[in-house]
Amino acid sequence: MSTAELVALMLTDGRLPTGGHTQSAGLEPAVRAGLGADGKQLADVTTYARDRLHTVTRVEAAVAVLARYITHSHQSEGLRLVEGAWAARTSSQVLRGVSRRQGRAYLRLAGRVWPEVLEHLQADSEVPRPIVIGVIGAVTGLSAEQVARIIAYDDVQSVVSASLKLLPVDPAEAATWLAGLHDDIEELVADVSPLTDIEKIPANGAPLIDQFAQNHATERMRLFHA
Amino acid sequence: MHETRSFRLGVAGPVGTGKSSLIATVCRELADELRLGVITNDIYTDEDARLLRSAGVLDPDRIRAVETGACPHTAIRDDVTPNLIAVEDLERDFAPLDVVLVESGGDNLTATFSPALVDAQIFVLDVAGGGDVARKGGPGIARADLLIVNKTDLAPYVGVDVEQMVKDASEARDGKPVIALSRTDPASVAELTEWVRTMTAHVRTGGHTPVDPGPMAPHSHVGEDGTLITHVHSH
């Protein structure tokens with residue numbers, strides 16, 4: 001029997017075929033802009049991941065929580081409203097495109113693994129990733145906390161694992177950073193999981209992250225999509 | 001086959017063996033008779049795509065680069081999602097296409113395409129990599145649909161016996177085709193384009209079943225009724 005716990009593990013496993021290996025959660029352009037000071041200031045990676053948890057990732061997790069809630073409450077137009085709220089809070093066109101591309105990858109997989117998702121989302125459409133995750137959460141019985149935790153954990157893990165490719169980082173040290181961010185992740189989970197009102201989705205932004213993403217899109221030498 | 005579905009042809013092989021150059025050759029020779037598209041998977045995004053675009057052999061919009069997060073093997077094997085999306089978008093935007101060539105990022109001898117991404121694959125070696133590489137074998141060398149021994153014009157300068165290298169490769173391949181290629185040798189180029197032409201027709205008529213070269217024997221392919229058949233060949 002499938003359990004919500006196992007679904008949550010699957011969704012945060014980097015081996016799940018959703019193109020996660022192409023994502024650095026903005027770390028690559030940030031490193032290019034000086035984060036880490038050419039490897040002399042590796043603690044920047046943790047600070048960057050924490051800043052994301054306080055800003056863009058908080059918004060993303062809240063959107064996923066609302067998408068899950070709306071799917072449960074059978075408001076068919078509701079997901080469009082959530083998408084509008086997400087778009088209004090995601091000011092970089094590049095980052096909206098990145099999220100839709102990732103959402104499409106998740107939706108593609110979910111349509112095969114959890115076909116009930118397609119009762120709520122159109123197959124192969126470019127739906128923002130947190131909305132797809134929220135809908136998967138709804139049809140597989142994940143709690144709001146689990147959905148928020150998946151978004152937060154995955155974001156931190158994307159940053160930390162990309163740091164291994166971008167900076168001279170010891171992998172065991174990186175895992176220690178990840179463990180060190182657990183409190184911040186749980187704080188985010190506690191903040192956003194009770195949300196049931198689209199208007200209450202936080203609107204924290206990180207203009208530099210937006211700017212880096214815009215620069216990255218036209219960068220020639222790229223390891224990561226974003 | 002769905003009307004907008006192209007023949008998806010993978011090109012894999014170690015770094016520097018001439019995958020991009022082979023694709024440029026195929027485009028140059030066949031762009032007038034087949035509707036082509038190209039997806040590249042370079043480590044640093046768009047180097048190969050730029051090379052192909054600047055070669056002027058295909059409309060630059062039909063050449064797209066996919067990022068691999070420095071994991072070229074993952075991109076063609078464990079998680080083909082970004083590549084599949086790119087292929088399908090290209091097929092949709094330029095429908096109908098006859099062939100989409102997917103170029104793997106240069107990897108090692110073990111990297112082969114998943115049959116979920118391509119219908120057939122070419123594995124590229126070159127004489128400069130050493131005459132003994134073909135004899136060493138590996139899934140791509142032994143079981144790709146076509147093996148290329150490239151840059152044969154360099155053989156005299158690197159002390160490689162092309163005939164012997166092709167013979168070794170043929171023995172490792174149980175009769176599957178091997179082409180000794182040089183872009184300066186029109187006969188070998190004609191052999192390559194004829195293979196692509198024949199394979200395209202074969203795939204289009206539904207006569208071809210994608211075979212997974214696999215990481216090693218035993219290997220698997222999908223049977224006519226859609227079931228997965230796994231077995232060990234006698235070679």
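1. His225(A) lies in the segment that follows α11 of chain A. This structure is a predicted model, and the points below should be read accordingly. With a relative accessible area of 27%, His225(A) is partly exposed, because burial requires a value under 20%. Apart from neighbours within four places in sequence, His225(A) is in contact with Thr22(A), Gln23(A), Val98(A), Arg101(A) and His216(A), and also with Glu67(B) of the partner chain. With Glu67(B) there is a polar contact from side chain to side chain, at 3.2 Å. By contrast, Glu173(A) is 52 residues from His225(A) along the chain, and the C-alpha atoms of the two are separated by 25 Å.

2. The contact just described belongs to the interface of the two chains. Here 19 residues of chain A are in contact with 22 residues of chain B. In chain A, the residues that lose the most area to chain B are His21(A), Arg220(A) and Leu223(A), which together account for 37% of what that side buries. Between them, chain A and chain B bury about 1,800 Å², and carbon and sulfur atoms carry 51% of this area.

3. Nine residue pairs are in polar contact across the interface of chain A and chain B, with both residues at pLDDT 80 or more. Helix α6 of chain A (residues 93–113) supplies four residues, the largest share of the side of chain A that touches chain B. That side of chain A is made up of six nonpolar, six polar and seven charged residues. The salt bridges between chain A and chain B number four.

4. Two of the partners of Asp89(B) can be named. Arg104(A) forms a salt bridge with Asp89(B), and their closest N and O atoms are 2.6 Å apart. Asp89(B) also meets Arg101(A) in a salt bridge, at 3.3 Å from N to O. The latter pair crosses between chains, from helix α4 of chain B (residues 81–93), which holds Asp89(B), to helix α6 of chain A, which holds Arg101(A). Asp89(B) counts as buried because its relative accessibility is 6%, whereas Arg101(A), at 30%, counts as partly exposed.

5. These residues are part of a wider arrangement. A network of salt bridges links Arg101(A), Arg104(A), Arg108(A), Asp124(A) and Glu126(A) of chain A with Arg64(B), Glu88(B), Asp89(B), Arg92(B) and Asp93(B) of chain B. Side chains of opposite charge can pair when their charged atoms come close. Over all chains, a search of the whole structure finds 33 salt bridges.

6. Salt bridges within chain A also join distant parts of the chain. Glu219(A) and Arg32(A) form one of them, with the closest N and O atoms 3.6 Å apart. Glu219(A) is in the segment after α11 and Arg32(A) is in helix α2, 187 residues apart. Glu219(A) is partly exposed, at a relative accessible area of 26%, and Arg32(A) is likewise partly exposed, at 42%. A further salt bridge brings together the side chains of Glu83(A) and Arg100(A), at 2.6 Å from N to O. This pair links helix α5 (residues 78–89), the place of Glu83(A), to helix α6, the place of Arg100(A), across 17 residues. Arg100(A) has a relative accessible area of 22% and is therefore partly exposed.

7. Chain B contains nine helices and nine strands. Of its 235 residues, 54% are buried. Among the contacts in chain B with a separation of 6 or more, 73% are between residues 24 or more positions apart. The accessible surface of chain B is about 9,900 Å², and 52% of it belongs to carbon and sulfur atoms.

8. Where in chain B does Asp126(B) lie? Its place is strand β5 (residues 120–126). Asp126(B) is buried, with a relative accessible area of 7%. The side chain of Asp126(B) reaches the backbone nitrogen of Gly129(B) at 3.1 Å. Beyond residues up to four places away in sequence, Asp126(B) touches Gly16(B), Thr17(B), Asn150(B), Lys151(B) and Met165(B).

Terms used: Residues numbered from 1 in each chain as written. Chains lettered and ligands numbered in written order. Predicted model: local features only at pLDDT ≥ 70, side-chain atom pairs only at ≥ 80, totals over all residues. Heavy atoms only, no water. Helix = DSSP H or I, 4+ residues; strand = E, 2+ residues; numbered from the N terminus. Buried < 20%, exposed > 50% of the residue type's maximum accessible area, 1.4 Å probe, protein only. Contact = heavy atoms within 4.5 Å. Areas by Shrake-Rupley, 256 points an atom, 1.4 Å probe, with all protein chains shown as cover. Buried area = accessible area lost by both parts, 1.4 Å probe. Polar contact = N/O pair within 3.5 Å; in protein donor to acceptor, adjacent residues only side chain to side chain. Nonpolar A, V, L, I, M, F, W, Y, C, P; charged D, E, K, R; others polar.
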